[in-house]
Amino acid sequence: MVESARRRWLLLVVVSAGLLLITLDNSILYAALPTLVEELGASSAQSLWIINAYPVVMAGLLLGSGTLGDRVGHRRMFLTGLAVFGAASLAAALSPSPEALIAARAVLAVGAAAMMPATLALIRVTFADERERNVAIAVWGSLAIVGSALGPIVSGLLLQSFWWGSVFLVNVPVVVVALVLAPGGGADPGKHWDLVSSLLALVALVGLVFAIKETAKATPSPGAAGVALVAAAAGGWAFARRQRRLPDPLLDFAIFRNRAFLAGVLAAGFSMFAVAGLQLITTQRFQLVEGFTPLRAGVLVAAVALGALPTAVAGGATLHRVGLLPIVAGGLALSTVGTVLVLLHFDSSMPLLVTGLLVAGAGLGAAMSVASSAIMGNVPVRRAGMASSVEEVSYESGSLVAVALLGSLLSAVYSATVRLPPGTPGEARDSLDAALAVAGESADGGALVAAASEAFDGAYGAVVLVVAGVLAVGTVATGVLLRRHGPGSALSGPVPH
């Protein structure tokens with residue numbers, strides 16, 4: 001029994017290390033983006049795709065990879081994903097152009113999509129005791145927050161001494177260690193896996209992202225947005241229709257009838273939307289407007305993780321007594337308050353800004369830690385891969401929509417509101433990066449920098465307001481779904497079989 005317990009917790013360490021890499025690569029470019037743009041000569045559109053290629057491809061593949069893991073074994077999926085991830089990290093580090101880096105990031109996403117559902121499914125299969133499983137999932141979830149927060153810090157540290165490719169090369173040693181210590185896991189060869197369903201899910205999710213990105217542009221193309229939306233709708237309809245006919249569907253929609261499961265999915269998406277959005281725009285704002293180094297900007301946004309860590313672990317440890325409602329809905333409500341503090345004080349008081357980030361992180365940590373427990377605790381073990389895929393799609397979709405929507409909204413509001421001094425070249429309207437470059441070549445660059453910074457601050461405030469609004473909606477939605485899951489309530493409800 002002692003040996004078994006040791007193996008369980010060793011498994012948790014290894015799969016959490018894999019998750020740490022995945023989430024690290026989600027955010028590691030936030031602080032490095034200005035450097036990448038300069039070194040590779042990336043355009044504004046290319047810089048967004050350098051970030052977006054990773055979550056777009058991952059979100060599209062997650063549903064299929066989790067269910068495939070139920071069939072071939074989650075250990076095999078984890079090992080395969082690790083190997084692909086390590087190879088793609090090398091390719092990304094040595095990329096000679098923006099296009100090559102975008103392609104490498106897409107391959108990185110393939111590896112991440114293979115191993116990410118496996119990390120959570122292995123925990124679900126291995127930890128049979130509910131209280132022990134809640135703690136394990138809370139630790140797993142807290143490391144997801146740590147990885148997201150460490151990304152800007154790690155990139156800032158590396159960029160002080162090394163070239164930009166080092167932000168990807170750092171993955172390789174962790175991959176090697178995890179491959180050596182990788183855990184075991186069972187397979188179900190009798191279970192069918194449907195490639196067509198996985199491709200349809202990819203079409204639906206990627207089409208939706210394209211539609212969001214195109215709509216949020218300063219000068220959107222109705223035609224392109226319409227085509228993307230039609231593709232998303234057609235892919236989603238065909239996917240749902242096909243699932244109803246399969247004996248082993250990629251996604252059994254009956255699992256969403258469980259209110260706690262659905263609330264967990266929504267909480268995961270809302271939380272990652274806020275984390276990714278705040279980190280992306282805050283690191284950019286303080287580098288471009290305040291002149292922070294990448295490291296200093298990364299340390300600033302790490303306040304989110306610092307606030308999240310204690311509440312994430314405490315949430316999992318006390319879930320069986322406190323219940324889902326106070327932790328999930330209460331956590332999202334607290335994060336809304338913190339985000340409003342950021343909105344009110346980002347340009348006036350550093351202590352109050354940091355306090356806002358800490359408070360937002362505390363609320364998000366609590367909600368995220370038990371969102372995964374709500375998802376995994378409300379499905380049977382044989383659906384562990386499917387449930388973990390849904391959970392990961394929710395996390396990645398939240399992050400992806402944040403980057404696609406908020407990044408585009410930031411640029412659109414800036415372009416629409418900036419008041420350029422007379423005679424300023426038009427490219428200064430495209431982005432603050434472009435305005436600063438133009439100002440550096442101008443004899444009267446001070447007025448341009450002041451005007452561009454003012455417009456960017458207005459855009460930043462608008463985006464933070466959107467994040468606060470989304471968190472408020474999440475608070476209400478999860479509160480309604482979990483109204484019967486207060487203190488003392490059981491975690492699991494009726495589970496579809």
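These are my notebook entries on a few residues I looked up in this predicted model.

**Ground rules.** I number residues from 1 along each chain as its sequence is written, and my side-chain values use heavy atoms, with hydrogens and water left out. Because the model is predicted, I take local features only at pLDDT of at least 70 and side-chain atom pairs only at pLDDT 80 or more, while totals for chains, interfaces and linings use all residues.

**Entry: Arg285.** I started in helix α10 (residues 259–288), where Arg285 lies; helices here are DSSP runs of H or I with at least four residues, numbered from the N terminus. Is Arg285 buried or exposed? Arg285 counts as buried, at 1% relative accessibility; buried means under 20% relative accessible area, exposed over 50% and partly exposed in between, with a 1.4 Å probe and protein chains only. I then listed its contacts (heavy atoms within 4.5 Å). Leaving out residues up to four places away in sequence, Arg285 touches Glu290, Phe346, Asp347, Phe456, Asp457 and Tyr460.

**Entry: salt bridges.** How many salt bridges does the structure hold? I found two, a salt bridge being a side-chain nitrogen of Lys or Arg within 4 Å of a carboxyl oxygen of Asp or Glu. Arg285 pairs with Glu290, with the closest N and O atoms 3.0 Å apart. Glu290 counts as partly exposed, at 40% relative accessibility. Arg285 also meets Asp457 in a salt bridge, at 2.8 Å from N to O. Asp457 sits in helix α16 (residues 445–481) and Arg285 in helix α10, so this pair ties together parts that are 172 residues apart in sequence. Arg285 and Asp457 are both buried. Through shared partners, the salt bridges join Arg285, Glu290 and Asp457 into one network.

**Entry: Ser394.** Next I went to helix α14 (residues 384–417), which holds Ser394. Ser394 is buried, with a relative accessible area of 10%. Beyond its neighbours within four places in sequence, I see Ser394 in contact with Val265, Ala268 and Gly269. A polar atom of the Ser394 side chain lies 2.4 Å from the backbone oxygen of Val265.

**Entry: Thr215.** I found Thr215 in helix α8 (residues 195–215). Thr215 counts as exposed, at 54% relative accessibility. Not counting residues up to four places away in sequence, Thr215 touches Pro220 and Ala225. I also checked Gly226, which is eleven residues from Thr215 in sequence and 9.3 Å away in space, C-alpha to C-alpha.

**Entry: Leu90.** I ended in helix α3 (residues 74–93), where Leu90 lies. Leu90 is partly exposed, with a relative accessible area of 39%.

Conventions. Helices (H or I, at least four residues) and strands (E, at least two) are DSSP runs, numbered from the N terminus. A polar contact is a pair of N or O atoms within 3.5 Å; within protein, one must be able to donate a hydrogen and the other to accept it, and residues adjacent in sequence count only if both atoms are side-chain atoms.
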